[in-house]
Amino acid sequence: MEKIILTGDRPTGRLHVGHYVGSLRRRVELQESGEYDKIFIMIADAQALTDNADHPEKVRQNIMEVALDYLSCGLDPAKSTLFIQSMVPELTELTFYYSNLVTVSRLQRNPTVKSEIKMRNFEASIPVGFFTYPISQAADITAFKATTVPVGEDQMPMLEQCKEIVHKFNSVYGETLVDPKILLPDNKACLRLPGIDGKAKMSKSLGNCIYLSDTEQEVKKKVMSMFTDPNHLRIEDPGQVEGNPVFIYLDAFSKQEHFDEFLPEYANLQELKDHYTRGGLGDVKVKKFLNKVLQAELEPIRQRRKEWEKNIPAVYEILREGSIKAQAVAAETLKEVKAAMRINYFDNDDMIREQEAKYQK
Ligand code: TRP
């Protein structure tokens with residue numbers, strides 16, 4: 001069986017370092033590993049519209065932001081198909097058929113949908129499209145016969161729901177859809193990077209993100225203002241590294257070479273943590289190091305972004321070509337789905353003859 005990746009992001013804002021360690025960096029590694037036969041990376045504009053119906057312009061603008069973030073992180077259109085969800089109408093048709101295999105109560109139990117409804121104050125009036133987006137996400141995944149879906153931990157309930165739809169479809173209509181596997185980040189710090197304010201999640205509405213497209217000065221300012229251990233008041237006080245965003249970021253970003261280059265007085269991250277825990281190590285020193293680590297990782301991304309920003313029509317062309325390619329694949333799957341459901345009325349000669357015989361008896 002072919003190894004196929006599908007994943008994507010809603011274009012509701014620029015991507016931040018949480019997206020980067022949670023998924024983007026991994027995608028590029030997977031792309032470079034050469035282990036996958038096909039890689040599809042989707043800008044989920046239709047899904048973004050499920051809770052942004054009043055703001056299509058915002059979604060439109062952010063399609064380009066996300067595409068630029070993708071390309072500057074190293075996703076390569078020669079190796080990965082980058083496309084726009086709404087340009088593949090087959091996804092909507094699959095969603096419609098899958099909807100009949102999912103109950104309202106099952107959607108209500110989806111933990112991600114539940115918490116998102118709360119976050120958006122949708123309790124009183126949930127848009128139907130938003131409520132059912134897990135079904136559309138199952139269409140995204142199955143349309144490409146994805147075997148592997150690299151995403152953040154928050155997407156786990158979506159994958160479970162997708163697997164249920166696959167099993168249900170295959171048991172009702174016969175083996176047709178591929179059962180996908182979720183691929184989570186293997187480093188625990190990358191599962192959910194906290195905001196610079198120490199809040200559990202980086203989110204645009206909380207204003208606690210470091211964006212991939214932030215300038216060097218913006219990144220530095222954000223790092224130097226980061227929340228740390230509130231009880232670590234004087235340098236000589238013992239500090240806590242667990243739950244301390246500065247150390248969580250170091251867990252997620254720092255490599256051995258960063259110590260050799262920027263902080264040779266410590267052999268590795270463990271030594272730095274030990275010193276902080278003992279006392280005698282100030283926040284400013286750790287933050288300065290973190291800033292250097294982040295800049296080293298983000299600078300090449302910023303440079304590549306600058307280059308792509310000079311050539312926006314070329315980015316559109318990449319998305320256009322990717323969308324055409326993606327559509328052809330999804331159309332093939334839709335054909336198989338309709339055949340399995342026996343609703344392929346005009347391309348099934350046996351069925352036509354069967355009907356003929358019935359009326360000519
Ligand atoms: N829900 C994902 C997000 O919030 C975006 C997405 C849409 C997606 N369809 C997908 C991710 C299919 C993985 C697979 O960013």
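How exposed is R342, in terms of relative accessible area? R342 is partly exposed, at 43%, where partly exposed lies between buried (under 20% relative accessible area) and exposed (over 50%), using a 1.4 Å probe and protein chains only.

## The model and its overall build

This is a predicted model, in which local features need pLDDT of at least 70 and side-chain atom pairs count only at pLDDT 80 or more, while totals for chains, interfaces and linings use all residues. Residues are numbered from 1 along each chain as its sequence is written, and side-chain values use heavy atoms, with hydrogens and water left out.

The chain holds 17 helices and five strands, taken as DSSP runs numbered from the N terminus (helices: H or I, at least four residues; strands: E, at least two). Its C-alpha trace spans about 95 × 45 × 40 Å along the principal axes. Of the 361 residues, 51% are buried. Counting contacts (heavy atoms within 4.5 Å) between residues at least 6 apart in sequence, 75% join residues at least 24 apart.

## Two positive phi angles

R342 sits in the loop between helix 16 (312-340) and helix 17 (349-359). Its phi is positive, about 55°, although R342 is not a glycine. Most residues other than glycine have a negative phi.

K145 is another non-glycine residue with a positive phi, near 55°. You will find K145 in the loop between helix 8 (133-143) and strand 4 (148-150), partly exposed with a relative accessible area of 24%.

## A buried aspartate

Have a look at D45, in helix 2 (residues 45-49). D45 is buried but has no salt bridge, meaning a side-chain nitrogen of Lys or Arg within 4 Å of a carboxyl oxygen of Asp or Glu. The nearest side chain of opposite charge is R60, 8.8 Å away; Lys and Arg count as positive and Asp and Glu as negative, with His and the chain ends not counted.

The D45 side chain does make a polar contact with the side chain of S86, at 2.6 Å. Such a contact is a pair of N or O atoms within 3.5 Å; within protein, one must be able to donate a hydrogen and the other to accept it, and residues adjacent in sequence count only if both atoms are side-chain atoms. Leaving aside residues up to four places away in sequence, D45 touches P11, V59, I63, I84, Q85 and S86.

## Tyrosine 97

Y97 belongs to helix 4 (residues 90-98) and counts as buried because its relative accessibility is 18%. Beyond residues up to four places away in sequence, Y97 touches K338, M341 and I343.
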